[in-house]
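Subject: Structure handover and first findings

Dear colleague,

I am passing on the structure we spoke of, and I would be glad if you looked through it alongside the notes in this message.

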Amino acid sequence: MYLKYKSFYWCLGTTSFRTKNFNKKIEQQLSLLQKFWSLKENIGRDWNETIQLAYYNFLQEVCFISGDAKNKAKDAREKTSGLVALGLIGDNRRLTEVGTELLKLSEENNFAVDNILGLPADSFIYFKQLLKTSLDVEKSVIRPFIVTIYLIEKLGGLSFDEFTYILPLCIDRKTTLQAVANIRLLRKNKITIDDIIFARLMDRENYKLALKYFLAAEPVTEEIISEIGINRKSRSYDKAYFPLYVALHKFYVEKNKNAVHEIFTSLKKLSNTGTLWQKFLFGKNNPAKIKKSPLQYLQSTKFDSADTELKFRREFFATLHIIKAKRSLADYFDLNRRYMKTSDAILFADEKVTLDIIPSHYFAPICENLLDIAFTTSPVLQENYSLEKISDFLAPNESVILRGINQEFSLNLKSLQDASELLERQRYIRLQHLIDSKFTDEQILQILNLIAIREDSEIQKLVTDNADIPTIFEYVLGILWYKVSHRKGKILDYMKLSLDVDLLPKTHAAGGEADIVYEYNQSDFYPAHSLLLEATLADRNNQRRIEMEPVSRHLGNHILRTKNLNSYCVFATNDLNINVVSDFRGRKNQRYYDTANDNNFIDGMKIIPLQIDDLKNIIENHIGYEKLYQIFETAFQAELTPREWRDICIVKKLN
């Protein structure tokens, strides 16, 4: 008997494009595709295997990818398939109207808010594209983003587990409505996620046939276990479950307690699901402890009551497929989140998935209408159309959105423009929580230590993998300085970075301004001034070439423009070049001219060079900005050689 695998869930994108720096990589690839097709040898050619191979080689040449794929043409297809799904390029891999518009925003570095929903310009494009994006799941068509919004609105948000294990099971109207009902029961502890997954599987004819076949099989062989596993790649992958089946059967049906050792040993052969099986059978205990005394750590499960052959087989079948399904669904959580976060409409924080304020009140009154288009394809996927052209009911209604905001916050705002203060206040409430949970002093010290030794993957795990490390360093410096300044000032305005809806940094292909410009009002400790924070991870050899001129230029032009001679710059890096220190120190006595009018100039600039160790000392010694300002000002006025100046006036004072 051959049981065919049939997909029962959806996933946005492909694992081959589960890339870090997601926004940046999309923008880069749009630019590279445009360049590739403009090459003389590629003009007018079709997207066939030959040109796919050429595109892969082109990506290698421009260092967009590294290594060698076994099947380069296939890899080229996979690298671009996610962009096709989003409508940014067509099947022929040429940029569409909407892809061209997104590339234009990237090249102009223009991501300002330009829409009623308060989304950055690029995020608004992704938002509209996700509303249109559909997938085929067997014989069903599904728009994942719309179904996600529907569930969030109906249920007041989703937990990460609900987002991971239940949401992707919604592939038509029936399963979507069932998911809403199931989640409500789940929250009342009347059913479990495992119950929901297995019930969904048993709605599929192939799983019904597999269970019937398994219950009737005599004897149960490796071939039968491989067959009822319904592996989508190859039946041979499921042979490893046979030793587990035999060991479990000995223990629970034949009552051979010594078989518990075989159960634990057999789990090592399960390459993809072994960890989940171990957690299910033995809990979260240390494998070394389990190996030594497996019976002691064996958990209570439904296998305990599976005391007949048929009961045991049913339980094995259910557990096998629940664990396989959870393994697959968990594997796609990150990818689904990555795509949806491009819209900047959905928040992923505190293990909960919710809509931001304006998007929430935009969708609330039209929630039921969403199902009218949720299971259809959009005829305008590749066009950069307005919301109302995507579907009539999607036309934004400012008065309706405003009414919803007023009701939620007990306000009487007259326009969305009046709501800007509320929205900013809510962003800062989220920022405070983010700092308290993700950027404590201890966590910032850990991140700085990792930056110093360039453990990039670990840094991105702690912060975000949608930004490169230089951007993360600049962001962390901004958060650090906000804390040093006792969380006063509009740091979200001061940081010249693109932040996502969760207030984490994201990197764009074109890059942005490098400065953080912190504004200080006059106090008892310092005059009114601006502080330019410049961060770089250029090594010693490149610092002079890359940083000396831009840093002094940024500060000089800022002072010329603002006329505030009290403003200065802090330059932060991982490893200072002594000649960079010398150059910055020399700026104290060097005149800086306005190149457009050399009668306009300033006499000297204050630039304070810091290393990561200095930043760590500021945190560890709890030095507030009022004291830092005095340290930096005293250092600026000192008369010492550059090395002595930094060692005595800065490093020693921060220790």
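What follows goes through a helix pair, the cysteines and some of the salt bridges.

Please keep in mind throughout that this is a predicted model.

I begin with the helix pair. Helix α1 (residues 22-38) packs with helix α3 (residues 72-85) at an angle of about 105°, and their axes are 11 Å apart, which makes α1 roughly perpendicular to α3. On the α1 side the contact is made by Ile-26, Gln-29, Leu-30 and Leu-33, while α3 contributes Lys-79, Thr-80 and Leu-83. Sorted by class, this contact of α1 with α3 has 4 nonpolar, 2 polar and 1 charged residues.

Turning to the cysteines, the structure holds 0 disulfides. Cys-170 is in no disulfide, since the nearest cysteine sulfur, belonging to Cys-367, is 13 Å away, whereas a disulfide needs two sulfur atoms within 2.5 Å. Cys-170 is also buried, with a relative accessible area of 0%. For Cys-569, the closest cysteine sulfur is that of Cys-649, and the 18 Å between the two sulfurs is too far for a bond; Cys-569, too, counts as buried, at 0% relative accessibility.

The salt bridges take up the rest of this message, and the structure holds 35 salt bridges. One of them joins the side chains of Asp-68 and Lys-72, with an N to O distance of 3.4 Å. Within this pair, Asp-68 is exposed, with a relative accessible area of 62%, and Lys-72 counts as partly exposed at 24% relative accessibility.

Another salt bridge brings together the side chains of Asp-372 and Arg-173, at 3.9 Å from N to O. Asp-372 lies in helix α19 (residues 370-373) and Arg-173 in helix α8 (residues 173-187), so this pair ties together parts that are 199 residues apart in sequence. Asp-372 counts as exposed, at 52% relative accessibility, and Arg-173 is partly exposed, with a relative accessible area of 40%.

Where the salt bridge between Asp-334 and Arg-338 is concerned, the closest N and O atoms are 2.5 Å apart. The two residues, Asp-334 and Arg-338, are 4 residues apart in helix α17 (residues 309-341), and therefore they are separated by about one helical turn. Both Asp-334 and Arg-338 are buried, and they belong to a network of salt bridges that links Asp-334, Arg-337, Arg-338 and Asp-465.

Notes. Residues numbered from 1 in each chain as written. Predicted model: local features only at pLDDT ≥ 70, side-chain atom pairs only at ≥ 80, totals over all residues. Heavy atoms only, no water. Axes fitted to C-alpha atoms, helices over the stretch in contact; angles between N-to-C directions. Parallel < 35°, antiparallel > 145°, perpendicular 65-115°, else oblique. Contact = heavy atoms within 4.5 Å. Nonpolar A, V, L, I, M, F, W, Y, C, P; charged D, E, K, R; others polar. Buried < 20%, exposed > 50% of the residue type's maximum accessible area, 1.4 Å probe, protein only. Salt bridge = Lys/Arg side-chain N within 4 Å of Asp/Glu carboxyl O.
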